[in-house]
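Dear colleague,

Please find the structure below.

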Amino acid sequence: MTERGRSRRELLRTAGGVTAGAAAGLAGCLGGSGGSSPDSLTLGTLNVFPMMQYFVIDQQGWYDDLGPDIDVQTFGGGPPLVQAYASGDIDFAYVGISPGLVAIANGVSSKVVAANVVEPNVMVGSGEFRSYWVEHGPDAFEQFRSDKGRKPRFATLPAGSTPDVFLRYWITEVLGLDLDVVEIVGQSPSALQSTLSSGNADAGSAIEPVPTILQENPDTDMEPFIYAGEIMPGQPGAVLQPSQSLVDDNPDLVQELVDIHVRATEFIHENRTEAAEMASEVVGSDILSADVATKAINTPASNFISNPRRVVEKSLVYNDFHQQLDSVDTDLSESDVFDHSFYEEASGGGQ
């Protein structure tokens with residue numbers, strides 16, 4: 001095995017967040033009610049901008065019109081959310097596509113029924129690292145290490161999250177470098193923001209609102225330097241992913257969830273400032289002000305969609321990359337991951 005192959009395997013063997021054995025043993029105990037409408041459902045999500053549809057739905061009270069009560073569990077990253085999914089603790093999720101795919105590949109029976117966003121990832125860097133990048137491009141990593149006596153430190157969300165895997169994809173597949181040119185530190189969204197703003201990392205792979213919060217912070221020079229569209233046009237972000245048992249046993253309810261999702265996406269397009277204010281309310285105005293949220297929703301990383309067909313191709317690229325990294329050993333097809341029927345019923349196309 002090449003040195004590059006070894007570095008991939010060693011650093012990413014656990015990137016999926018759910019082991020194949022655990023998921024296979026737990027698959028089939030998600031949701032489900034034997035055809036009767038459940039009294040309640042548990043939603044797993046994260047307080048990050050790719051979940052904007054959830055923020056709108058929550059603040060508009062649209063889940064109140066459903067039969068079951070919706071209990072919400074908020075997680076610090078996609079992989080821990082998937083662990084809860086595999087344990088049967090949640091019935092549907094707003095989750096990053098990377099951990100969502102790994103969950104399916106490792107036996108967590110579920111389907112993507114709608115997309116949330118494309119090209120949400122942002123590479124941010126300190127003034128120093130950005131100057132290395134401007135001058136040296138892909139050689140910035142080795143030049144930095146030569147000058148500083150250490151690798152550049154990149155902070156991101158936990159291993160296996162979409163920003164984490166996207167960072168690794170950029171380094172290995174786009175730049176053609178070994179992963180050992182960089183130190184990668186996975187953290188929760190709140191810890192990531194603190195690490196990046198305090199100078200405890202040289203750069204990072206982040207999603208909104210973190211990049212905008214950094215830009216608005218006068219005490220740090222950490223700023224975006226590459227958006228996802230320059231690395232992977234059409235990069236898939238987060239998705240709506242109910243359990244297969246919910247899809248099978250309560251398709252009318254899943255249809256309602258997708259209808260509400262599409263409605264939320266349309267609301268975001270027509271009322272971006274109001275949607276940003278709703279995100280501030282859900283996250284907490286002390287953490288995310290309405291002003292910063294409004295700036296974040298108007299960046300190149302805030303491209304909100306509903307149509308799952310728009311993320312199929314690049315999602316399967318992620319699956320190929322997961323296989324290269326030994327995160328999974330399953331070659332997923334479109335039908336393994338996606339069920340387009342609910343979106344087609346909701347809108348017949350469009351966004």
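This is a predicted model: local features need pLDDT of at least 70, side-chain atom pairs count only at pLDDT 80 or more; totals for chains, interfaces and linings use all residues.

Five strands form an open sheet in the order 8-7-9-6-10, with mixed pairing; strands are DSSP runs of E of at least two residues, helices runs of H or I of at least four, both numbered from the N terminus, and two strands pair if DSSP finds at least two bridges between them. Strand 8 (183-186) and strand 10 (223-227) are the edges; each has a single partner strand, so one side of each lacks a neighbour in the sheet. On average, neighbouring strands are turned by 30 degrees against each other, direction ignored (axes are lines fitted to C-alpha atoms, for helices over the stretch in contact, and angles run from 0 to 180 degrees between N-to-C directions).

Strand 6 (residues 121-125) runs antiparallel to strand 10 and is joined to it by 4 bridges; one of them pairs valine 124 with proline 224. Helix 6 (residues 127-136) packs on this sheet, touching strands 6, 7 (153-156), 9 (203-207) and 10, where contact means heavy atoms within 4.5 Å. The direction of helix 6 makes about 35 degrees with that of strand 10.

The lining of the largest cavity comprises 11 nonpolar, 6 polar and no charged residues (nonpolar: Ala, Val, Leu, Ile, Met, Phe, Trp, Tyr, Cys and Pro; charged: Asp, Glu, Lys and Arg; polar: the others, Gly among them).

Residues are numbered from 1 along each chain as its sequence is written, and side-chain values use heavy atoms, with hydrogens and water left out.

Yours sincerely
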